[in-house]
Amino acid sequence: MKIRRALAVAAATAVLAPVTLLSSPAAFATPSPTPEATETATASEEPETPPADEETDTVPAPEGENPPAEESEEKPPAEEEKEKEEEKPAEKPEDKPASPSATPPSPAPSVTSPGDICQDTEEVRIDENLRTSLSGLPSEVVAGSGFHGFKLNVENKGDKAYKRVDLGLIAAQIDDDSWLPNTDHLTLQFKNPETGAWTDISLDQDDEVIGYIGYTDIRAKESFSIDLRLSVDKKAPEGFGFAFIIGLYADEEGNCVYPESEQFYEFDVLAAGTDAGEPNEAEPQTGGKKPVPVKPVGNTEIKPEGTLAQTGSDSNLPVIATIGTVAILAGAGVVFALGRRRKGDATA
């Protein structure tokens, strides 16, 4: 059963990966000529004919004949119509549809495409010093039972600080028959660390920013948690669901690096009205600690409150050490005094 579920999650993960991961800037490297470029090329192909007044000045007309300049000033109707047709695109460029192969407009400033963040390498790069995990996610969720809180934990075990790390979380149910993910009955939210407001995490499979939470800087030896909550509406069918963390940062060479994380967390969805009792915490399904290589897409900064690991000696240690030393010396003094007293009594 576990193997079947793992395969289902693997298939669902591939479906949930943002469509933008399949896009490549190279597809738009050779745009077709624009209307302005076409007009310039057309104009350059026409023979350069000197203006009528310049031709009259340089070539004197023979006596008794009309100057050729006067004949050149009067253009045939066909040429006048041709010039008017060539001038129309320049006057109203909006009337001409854009070329299908033209470069599309840039995405909105609120969205950062994966190609703007970093580039993947042949082998997935994992940073073992940067660790992400979930805690408190229930192993069973009753449909229609409201929100259930849990946490996304981030820990930097190394001495390196990170300028920007993008984080997110994706959750879905699995259809038992088709193995396809279904997010229609799930609501996933995170608490904004600054405002305390609960904010929706998109689970729309057609949304470019699916699963995105935000990005933050991480100091050396820093750890923090982001509050999350999940609800399943009462119309959800029985079955099982999963959640997996997405994280990413770019190294100095522009390569994508993923934090170390469990593959996914699994939970059961129970029918509405079921008594789940006290469910256990969802355990990570570990087939190895390789993260799902899905790039979070977005550009929203969050500022979680972190704590730094104690790397030096505690400030209270000198006091404790002093007290301990005094106690040891005092004990030794008592033992020494008692020894002398016993020795003196024996002599007497």
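A search of the whole structure, a predicted model, identified two aromatic pairs, where rings of Phe, Tyr and Trp (its six-membered ring) pair if their centres lie within 6.5 Å. Planes under 30 degrees apart count as stacked, those over 60 as edge-to-face and the rest as tilted. The ring centres of Phe242 and Phe244 are 5.9 Å apart and the planes are at 5°, so this pair is stacked. Phe242 has 0% relative accessibility and therefore counts as buried (under 20% relative accessible area, with exposed over 50% and partly exposed in between; 1.4 Å probe, protein chains only). Phe244 is likewise buried, at 0% relative accessibility.

Charges over rings were also found, defined by NZ of Lys or CZ of Arg within 6 Å of the ring centre and within 35 degrees of the ring normal. Arg164 lies over the face of Tyr215, 3.9 Å from the ring centre. Over the face of Phe147 lies Arg229, at 4.1 Å from the ring centre.

The protein chain contains seven helices and 14 strands, taken as DSSP runs (helices H or I, at least four residues; strands E, at least two) and numbered from the N terminus. Of its 348 residues, 31% count as buried. Contacts are heavy atoms within 4.5 Å; among those between residues at least 6 apart in sequence, 80% join residues at least 24 apart.

Residues are numbered from 1 along each chain as its sequence is written, and side-chain values use heavy atoms, without hydrogens and water. In this predicted model, local features need pLDDT of at least 70 and side-chain atom pairs count only at pLDDT 80 or more, whereas totals for chains, interfaces and linings use all residues.
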